[in-house]
Amino acid sequence: MSNPAKDIRIGTMVSANNGDAAASIANIADHGFESFEPFFWQTTAGQDVAELGKRCRDAIGDRDITMSTIGMFGNPLETDALDIETLDGWKACIDNAHHFGATCVAGFTGRLRNRPLPESLPRFKEIWGDLAKRAADKGVRIAFENCAMDGNWQTGDWNIAHNPDAWEMMFNEVPDDNVGLEWEPCHQMVYLIDPMPQIRKWADKIFHVHGKDATIRHDVIREHGVFGKHPFVFMRTPGFGDSNWTDIISELRLAGYKGSIDIEGWHDPVYRDALEMTGQVHALNHLKTCRGGSFVDDLADYGGGDPSLEKN
């Protein structure tokens with residue numbers, strides 16, 4: 001019997017840069033993660049992506065774990081050597097996503113460095129128009145993370161997909177149905193944008209979700225503003241920030257989203273370093289609870305029957 005709770009799976013990201021994604025998966029899979037997003041930072045470094053996908057699937061074994069999305073993060077719009085490696089990495093990930101069992105490749109759009117955002121659109125159309133067709137031919141969707149990477153409308157190094165006004169422009173340039181968003185609330189909250197209405201408006205373009213949250217210090221904003229010496233926002237692991245994940249997951253379900261929420265760690269100012277996995281496992285269990293996970297999981301184990309009965 002299928003478990004409807006797992007129409008939305010809760011997982012985490014694992015780095016693939018050093019060839020150890022499979023080992024990382026094997027090391028933490030039994031914590032209860034239901035999905036993984038292996039990801040590359042800027043380059044695949046000559047790795048055999050197909051072989052890596054097979055090793056990751058071997059590491060999962062017979063566990064009920066998926067890899068619906070793999071990541072390739074860098075700037076494929078520029079032409080420095082590492083940027084060209086990023087573009088080649090996108091092509092390799094698109095061509096080999098099926099070896100992971102993935103149907104989506106996610107990352108940054110890229111950007112013409114230090115130029116106002118609209119100036120990147122012609123290059124965006126050139127590169128992503130071709131990649132969208134390449135992906136469609138292989139049954140793959142492309143999802144852009146909504147992370148500014150410290151950029152803004154006027155300048156930046158990595159990504160133009162961080163603002164809903166930019167999304168309007170991007171999807172007008174490349175209107176392909178298989179091009180969308182890797183969305184998370186955190187990246188909107190750090191710019192004081194309310195993330196909730198975006199789910200309803202942009203639901204058909206949300207292909208993958210990152211589990212990352214934020215804590216906004218409204219008292220700091222009232223006293224010092226957003227350009228003072230005191231930080232007014234912190235990126236957080238889910239369960240430690242301001243977001244109501246029950247509402248987020250409910251809105252995703254109402255919008256028809258089926259896929260994964262993969263935790264993006266390594267940002268929390270408290271649960272990091274030696275406490276990284278402590279924070280991630282808390283986030284995993286928190287998100288499962290918000291999803292309705294533990295109780296529904298138990299019902300599935302009972303075959304949908306009376307939970308007072310013993311499990312088989």
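**Exercise 1. Find which residue caps the N-terminal end of helix α9, and decide how the buried residues of that helix are arranged.**

Solution. The cap at the N-terminal end of α9 is N244, which has a side-chain oxygen 3.1 Å from the backbone nitrogen of T246. Such a polar contact is a pair of N or O atoms within 3.5 Å, where within protein one atom must be able to donate a hydrogen and the other to accept it, and where residues adjacent in sequence count only if both atoms are side-chain atoms. The model is a predicted one, in which local features need pLDDT of at least 70 and side-chain atom pairs count only at pLDDT 80 or more, whereas totals for chains, interfaces and linings use all residues. Residues are numbered from 1 along each chain as its sequence is written, and side-chain values use heavy atoms, with hydrogens and water left out.

Next, take the helix itself: α9 covers residues 245-254, and its buried residues are W245, I248, I249, E251 and L252. These residues lie on the same side of α9, because they cover an arc of only 160° around the axis, the arc being that of the directions from the helix axis to the C-beta atoms. Here buried means under 20% relative accessible area, exposed means over 50%, and partly exposed lies in between, with a 1.4 Å probe and protein chains only. Helices (H or I, at least four residues) and strands (E, at least two) are DSSP runs, numbered from the N terminus. Finally, α9 is followed by G256, whose phi is positive, near 90°.

**Exercise 2. Locate Q42 and L192, each with a positive phi in a residue other than glycine, and decide whether each is buried or partly exposed.**

Solution. Most residues other than glycine have a negative phi. Q42 has a phi near 75° and lies in the loop between β2 (36-41) and α2 (49-60); with a relative accessible area of 14%, Q42 is buried. L192 has a phi near 65° and is found in the loop between α6 (186-189) and α7 (196-202); at 45% relative accessibility, L192 counts as partly exposed.

**Exercise 3. Find which backbone oxygen the side chain of K288 reaches, and decide whether K288 is buried or exposed.**

Solution. K288 lies in helix α10 (residues 276-291), and its side chain reaches the backbone oxygen of G32 at 2.8 Å. With 14% relative accessibility, K288 counts as buried.
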